[in-house]
Amino acid sequence: MSGRKLFLQYYQLARDENRTFLLENEAAQVCESYGLPLPPSGYAEDKEQAVSIAEELGYPVVLKVVSPQVIHKSDVEGVRVGIATGEELLEAWDAISASVTRHEPTAEIRGQFIAGMAGEGVETIVGLKRDETFGPVVMFGIGGIFVELYKDVSFRMCPLADEDVEEMVNDVKGHKLLKGFRGKPEADMEALKKVILAVCSMGTDNPEIGSIDLNPVRVNPEGALALDTRIILG
């Protein structure tokens with residue numbers, strides 16, 4: 001199924017449920033359909049299914065709540081990382097469910113999203129917003145969770161050429177971290193470029209998307225991985 005068709009399928013489902021965003025498992029599938037690199041993952045509706053998926057992926061794993069009432073999972077303690085065994089996964093499942101219910105008593109917990117842990121690398125952010133005048137505008141920055149603190153970001157209007165991507169990456173002060181800063185190996189810049197171009201394509205193909213947030217995108221010499229995906233509908 002093409003990326004556009006898959007997005008429209010989940011878009012209609014979200015609209016039928018009065019949601020303004022795609023669930024994590026939906027967003028991940030749409031991103032993958034556009035060639036975005038994500039850690040291996042699966043969606044479980046119960047604990048037994050979660051353990052089976054985790055064993056197939058290989059520990060350690062990350063666990064994230066899937067709920068139509070929860071956009072920002074960390075705000076409700078809906079994420080656990082570094083889960084190393086099936087026993088830890090069962091404990092994390094219950095802890096996440098309890099935390100989400102405590103913060104959002106009316107939230108419907110449909111299941112949880114399981115993903116493999118990523119290796120070390122430079123944390124970046126790649127996003128997109130739809131401007132009323134200019135259309136889709138892609139954003140790149142260094143910092144991951146610290147992007148709001150550093151405010152080290154650059155923007156370009158879609159569509160993008162390869163040279164546009166290179167310019168926007170070099171516009172960011174922290175781009176030196178990707179080029180082998182202080183003896184560290186140089187990150188895979190081609191993989192990062194493909195992520196930025198894919199996000200631009202998603203926004204261009206799907207005018208129903210209001211914004212895309214991939215944070216962090218971890219980049220190292222082996223490639224790039226989008227560790228968290230968020231797609232907000234327009």
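**Note on the sheet and its helices**

1. The strands form an open sheet of four, ordered S1-S4-S2-S3 and paired antiparallel, where pairing requires at least two DSSP bridges between two strands. The model is predicted, and local features need pLDDT of at least 70, side-chain atom pairs count only at pLDDT 80 or more, and totals for chains, interfaces and linings use all residues. Residues are numbered from 1 along each chain as its sequence is written, and side-chain values use heavy atoms, with hydrogens and water left out.

2. Strands S1 (41-44) and S3 (79-83) are the edges, each pairing on one side only; strands are DSSP runs of E with at least two residues, and helices are runs of H or I with at least four, numbered from the N terminus. Strand S2 (residues 61-66) runs antiparallel to S3 and is joined to it by three bridges, and valine 61 has isoleucine 83 in S3 as its bridge partner.

3. Helix H4 packs on the sheet and touches S1, S2, S3 and S4, its direction making about 165° with that of S3; contact means heavy atoms within 4.5 Å, and angles run from 0 to 180 degrees between N-to-C directions, with axes fitted to C-alpha atoms, for helices over the stretch in contact.

4. The axes of H3 (residues 47-57) and H4 (residues 86-103) come within 10 Å and cross at roughly 135°. The two helices are therefore oblique to each other, the class left over once angles under 35 degrees (roughly parallel), over 145 (roughly antiparallel) and 65 to 115 (roughly perpendicular) are set aside. Lys47, Ala50, Val51 and Ala54 of H3 meet Gly86, Leu89, Leu90, Trp93 and Asp94 of H4.
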